[in-house]
Amino acid sequence: MKKINSYITKKVADKLAGLFKNDRKAFEDKWSDIGIFVKYGIITNDKFYDKAKDFVLLTNTAKENFTLNEYKDKVAPIQTDKDGQLVYLYTNDPSKQDAFIQSANKKGYDVLVMDTPIDNHFISHLEQKLEKTSLKRVDADVADKLIKKDDAPDHVLTEEQAASVKAIFDKAINKPAYKVELESLNPDELPVTVTMDEFMRRMKDMAAMSGGMSFYGSMPDNYKVVVNGNHKLVSRILQEENEEVQSQLAKQAFDLALLSQGLLNGAELTEFVNRSVNLI
């Protein structure tokens with residue numbers, strides 16, 4: 001049986017390799033149909049990976065296809081961090097994560113689409129196989145922090161001002177699951193961004209796929225609230241003398257961040273809509 005499986009694996013891999021080599025356009029046209037099976041073969045069979053690594057395709061948000069080597073050559077110049085680690089960014093929901101994709105694109109970063117049911121496992125497999133390479137979901141952090149560089153924006157706020165801003169947002173949000181952190185980001189970035197740690201999100205996604213209540217699956221969701229200390233809204237909040245208005249502005253920025261992540265619903269969504277009307 002093992003010899004039969006090895007024979008079938010080799011025949012399938014050779015057939016796909018031949019199609020890719022002889023008619024790449026036809027291969028790419030079929031990729032949306034065969035890609036999930038190729039990825040499954042890669043995940044479950046190392047011998048299949050050895051053959052498929054030359055024709056498995058990565059597709060970005062611009063619907064361009066690349067082999068593993070082609071994609072490495074494309075993004076290495078700009079998506080290598082200060083420690084020499086190559087970072088591939090991906091989205092599992094281009095529509096929902098559009099704001100994060102656009103922020104990444106503004107920095108010159110490319111974003112892959114990983115939205116099939118097995119891509120969570122495929123991503124982990126790639127990290128094991130590709131040297132000094134990690135994959136990070138595009139909404140795992142703000143664009144300035146997705147790939148660690150040495151050219152961080154200067155701090156605009158003093159330590160005292162930063163402490164005041166954090167206190168204002170902590171009080172306005174008042175949710176233990178949301179940890180407020182102040183960052184010095186590009187002023188053009190959003191004033192507030194809500195993210196979840198890449199590792200924790202990935203473990204929880206895998207737990208959800210398995211259908212069981214694993215250790216990670218049973219853990220409560222925890223989010224990081226990144227407040228952009230260099231954004232003009234933060235300066236406006238600091239200059240505002242009315243504490244109620246300060247709180248409303250902070251809560252509005254936070255709710256906008258939740259809305260962009262699909263995390264705002266029910267009574268909180270209604271409250272956000274009513275507050276928006278009052279602020280107009």
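A residue counts as buried under 20% relative accessible area, as exposed over 50%, and as partly exposed in between. K132 has a relative accessible area of 46%, so this residue is partly exposed. The model described here is predicted. Its protein chain contains 12 helices and 8 strands, and 43% of the 280 residues are buried.

**Overall form**
- The C-alpha trace of the protein chain spans about 75 × 40 × 30 Å along its principal axes.
- Among the contacts in the protein chain with a separation of 6 or more, 69% join residues 24 or more positions apart.
- The protein chain exposes about 15700 Å², and carbon and sulfur atoms supply 52% of that area.
- There are 39 positive and 44 negative side chains in the protein chain, and the centres of these two sets lie 8 Å apart.

**Helix α12**
- Helix α12 covers residues 266-279; at 1.5 Å a residue, its 14 residues should span 20 Å, and the end C-alpha atoms are 20 Å apart, which agrees.
- The residues F272, R275 and S276 are buried in α12. They cover an arc of only 105° around the axis, so they are on the same side of α12.
- An α-helix has 3.6 residues a turn, so residues three or four places apart point the same way.
- The exposed residues A267, V277 and N278 are carried on the face of α12 turned away from its buried side.
- The buried residues of α12 pack against α11, which comprises residues 243-260.

**F254 in helix α11**
- Helix α11 contains F254. This residue counts as buried because its relative accessibility is 0%, and the cut-off for buried is under 20%.
- Apart from its neighbours within four places in sequence, F254 is in contact with I173, Y178, V192, V194 and V225.
- F254 and L89 are 165 residues apart in sequence, and their C-alpha atoms are 24 Å apart in space.

**Two loop residues with positive phi**
- K63 lies in the loop between β1 (58-59) and β2 (65-66). Its phi is near 65°, a positive value in a residue other than glycine.
- The relative accessible area of K63 is 73%, so K63 is exposed; the cut-off for exposed is over 50%.
- K132 is found in the loop between α6 (119-129) and β5 (133-137). The phi of K132 is near 50°, which is likewise a positive value in a residue other than glycine.

Note on methods: Residues numbered from 1 in each chain as written. Predicted model: local features only at pLDDT ≥ 70, side-chain atom pairs only at ≥ 80, totals over all residues. Heavy atoms only, no water. Helix = DSSP H or I, 4+ residues; strand = E, 2+ residues; numbered from the N terminus. Buried < 20%, exposed > 50% of the residue type's maximum accessible area, 1.4 Å probe, protein only. Contact = heavy atoms within 4.5 Å. Areas by Shrake-Rupley, 256 points an atom, 1.4 Å probe, with all protein chains shown as cover. Lys, Arg positive; Asp, Glu negative; His and termini not counted. Charge placed at Lys NZ, Arg CZ, Asp CG, Glu CD. Expected span 1.5 Å × (residues − 1). Arc of directions from axis to C-beta.
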